[in-house]
Amino acid sequence: MAQTLFINARIATMSDESGYGLIDDAAMLVDGRNIEWVAPMGQANLPKNVDRIDCEGRLMTPGLIDCHSHLVYGGNRADEFELRLEGASYEEIARRGGGIVSTVKATRAASESELLAQTRPRLEQLLGEGVTTMEIKSGYGLDCESEIKILRVARKLGELYPLRIEKTFLGAHALPPEFFGQADDYIELICKEMLPKAHAENLVDAVDVFIESIAFDLRQAQRVFDIAIELGLPIKAHVEQLSDLGGSVMAARLGALSVDHIEYLKASDVPQLAQHNTVAVLLPGAFYVLRETRHPPIEALRLHQVPIAIATDANPGSSPVSSLLLIMNMACTLFRLTPREALRGVTINAAKALGLDAVVGSLQAGKQADLVIWDVDKPSELAYQIGLNPCAAVMQAGHWRKPLMELAA
Ligand code: DI6
Ligand code: FE
């Protein structure tokens, strides 16, 4: 099996409890798909006759992980963006058939190959920034066939590009127009047909529900989660984004991998996340676009040592964002996360939010060799710069995705 030896790297291993796990002058051996060892240069026994990459002091981090996205959708909402800035309200736009319903229409109308073509540029942007694992949700189809179409496109992207895609079923994202006034009937359809069918096609790695006054209530969410748990699928939830319905506590008690958004989560409910090992996923892109002013309970999350992840929430309405580096900056500037928390949020804690932390998210022996080499000296530079992409090389599962020709010793 091919071996690659990295030397003279500053490695943010992200393998300790709360820091960067920084080794200033490090070597690392990759054997096949996995990391064999990581060690300070002075203590390493450097093998001969292997591919040797001199990082010349550059920073190496784990491959980045975007643990919450709605990347696959049809059309865009630029017109709505323009209308809103010209004074139209969200309700007016919705009445004119805009908003989420317009994305559902465009997504239903698009063929699988059209959806794929429309998603590629967004994914390629993320790949260019060193993303090696990506979660993609359904939720703009809202009927059996269209939800399955989105999940097939997500799977296809994972076959076409060298990255890992985690597929999340979010049939309970919004009420489709044809079910107006019949939310319980739509939930019934999800439980009886949509989710079981998608699962039978092996298209579901996790199940998500949007719990909110404009989406689904606790009782409806519980029905979907009951089926997910019956099928052995992990759950997660969009919760406390616009109001506090108690969705975070409910999802955590059911063992949710993550609760996402949580601007309206009460600090007094945070211990329940800690108790159930649930990750808090913060989405500063949606906070920014919606000009939200209420902050997630960051101090309480820190106090109770709840792992914090951050993600793009890439979607055409509230977060038309295809840059995880920008999200790191936003998390620091808008939520006052530290650069260290931001990097943990797109590596080890994002891996936890996907239940993949035994495999990816940090650079340590036995984990998959997903890594990025950056043209920077210090990890804080990744969150600090806006609009600069210092990604110099990417390896995924031991294969060069973006090779380091110029760095080869
Ligand atoms: N929360 C959001 O902000 C988006 N979905 C969700 O669950 C909005 C989706 C859209 O406007 O298209
Ligand atoms: Fe979302």
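How far does a polar side-chain atom of R77 lie from an oxygen atom of ligand 1? The distance is 2.9 Å.

The model is predicted, with local features needing pLDDT of at least 70, side-chain atom pairs counting only at pLDDT 80 or more, and totals for chains, interfaces and linings using all residues. Residues are numbered from 1 along each chain as its sequence is written, chains are lettered from A and ligands numbered from 1 in the order in which they are written, and side-chain values use heavy atoms, with hydrogens and water left out.

**View 1. Residues around ligand 1.** The shell (a heavy atom within 4 Å) includes I100, F210, Q241, H261, N315, G317 and S318. By class, the shell has three nonpolar residues, seven polar ones and one charged; Ala, Val, Leu, Ile, Met, Phe, Trp, Tyr, Cys and Pro count as nonpolar, Asp, Glu, Lys and Arg as charged, and the others, Gly among them, as polar.

**View 2. Polar side chains at ligand 1.** A polar contact is a pair of N or O atoms within 3.5 Å. Y140 places a polar side-chain atom 2.6 Å from an oxygen atom of ligand 1. An N or O atom in the H173 side chain is 2.8 Å from a nitrogen atom of the ligand. Of the 320 Å² of accessible area that ligand 1 has on its own, the protein covers 93% (Shrake-Rupley method, 1.4 Å probe).

**View 3. The iron ion (ligand 2).** H68 (NE2), H70 (NE2), H238 (NE2) and D313 (OD) coordinate the iron ion at 2.1 to 2.2 Å; donors are N, O and S atoms within 2.8 Å of the metal (3.2 Å for Na, K and Ca), and water is not among the atoms, so sites may look incomplete. Along the chain, the donor spacing is H-x1-H-x167-H-x74-D. H238 is also one of the residues around ligand 1.

Terms used: Polar contact = N/O pair within 3.5 Å; in protein donor to acceptor, adjacent residues only side chain to side chain.
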